[in-house]
Amino acid sequence: MSQQESIAVNASVRLDAVNESHIPALHQLVMKNRMWLSESMNWPLLVNSEQDTRQFVLGNIMLHQRGIAKMFMIFQGDELVGVLSFNQIEPANKTGYIGYWLDEAAQGRGILSASLQAFIHYFVESGDIRRFVIKCRVDNARSNQVALRNGFALEGCLKQAEFLNGVYYDQNIYARIIDKSSQ
Ligand SMILES: CC(C)(COP(=O)(O)OP(=O)(O)OC[C@H]1O[C@@H](n2cnc3c(N)ncnc32)[C@H](O)[C@@H]1OP(=O)(O)O)[C@@H](O)C(=O)NCCC(=O)NCCS
């Protein structure tokens, strides 16, 4: 059922729950952005063959169905331009940990922020999530800007919490809390 899940963002952008048909385009997008993405995340360098992407997607489809992670493809028109996910959900706490990335060429147009607003609204309305969390490296300026631009409050700094390219980096933790009734 969740495989058909889709969130309308605006006239040109939508979020589709990941399914097997996305694997070839997702793999191409990862490979195109592999070196750039590896500056901010550790997993891209672990992706080599389409089989790696397939295994990742199949794992995420299962987690999506079980409600402990949610992975959505960001489409602009027919073009896959990025990914927006709950990397982890704590159902009992109604808390979701958000992750995202775009095609480098799709940056700077507000696509991620518009997607994030629709994503948050959708999960508040579902009643499943009330605490939305973004954790990002202190020196990932664009990701910090995403949190600030979208109404997240800085809650603190986690020391040496992210191991990336051989270094332990400090992470900012941001959250936005929205009760369905307060919308
Ligand atoms: C983090 C990332 C998704 C941010 O992408 P982004 O395009 O800057 O994010 P937004 O959707 O918020 O867009 C904001 C940009 O669009 C511009 N913009 C244009 N129209 C806009 C609109 N209607 N609304 C908001 N911003 C708009 C803004 O001015 C801003 O550009 P600027 O920073 O050059 O001024 C992207 O840099 C990325 O994929 N980075 C690599 C992966 C990564 O770091 N992921 C996060 C790990 S924690």
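Through how many residues does a hairpin join β1 to β2?

Guide: This is a predicted model. The hairpin between β1 and β2 runs through four residues. Strand β1 covers residues 6-8, and its pairing with β2 is antiparallel, over three bridges. In that pairing, S6 is found opposite D16 of β2.

Strand β2, residues 13-17, has two faces. V13, L15 and A17 make up the covered face, while R14 and D16 make up the uncovered one.

Next come β4 and β5. Strand β4 takes in residues 79-90, and its antiparallel pairing with β5 counts eight bridges. Within this pair, S85 has G99 of β5 opposite to it. β4 and β5 form a hairpin with four residues between the strands, and in this hairpin K94 adopts a positive phi near 50 degrees.

β5 has another partner in β6, residues 131-137, and these two strands are parallel, paired over four bridges. T95 is set opposite R131 of β6.

β5 (95-102), α3 (111-126) and α4 (141-149) each contribute at least two residues to the shell around the ligand. The largest contribution is that of α4, with five residues. The shell is made up of nine nonpolar, eight polar and three charged residues. There are 20 residues around the ligand, and those that come nearest are S40, G110, L112, S113 and C136.

Finally, a record can be set beside the strands. An unreviewed UniProt entry lists residues 13-174 as "domain: N-acetyltransferase". In the model, that span is 35% helix and 36% strand, and its end C-alpha atoms are 25 Å apart.

Technical notes: Residues numbered from 1 in each chain as written. Predicted model: local features only at pLDDT ≥ 70, side-chain atom pairs only at ≥ 80, totals over all residues. Near = placed C-beta within 6 Å. Nonpolar A, V, L, I, M, F, W, Y, C, P; charged D, E, K, R; others polar. UniProt positions renumbered as here; feature names shortened; annotations may be inferred. Pairing = 2+ DSSP bridges. Buried ≥ 20, exposed ≤ 12 C-beta atoms within 10 Å, placed from the backbone.
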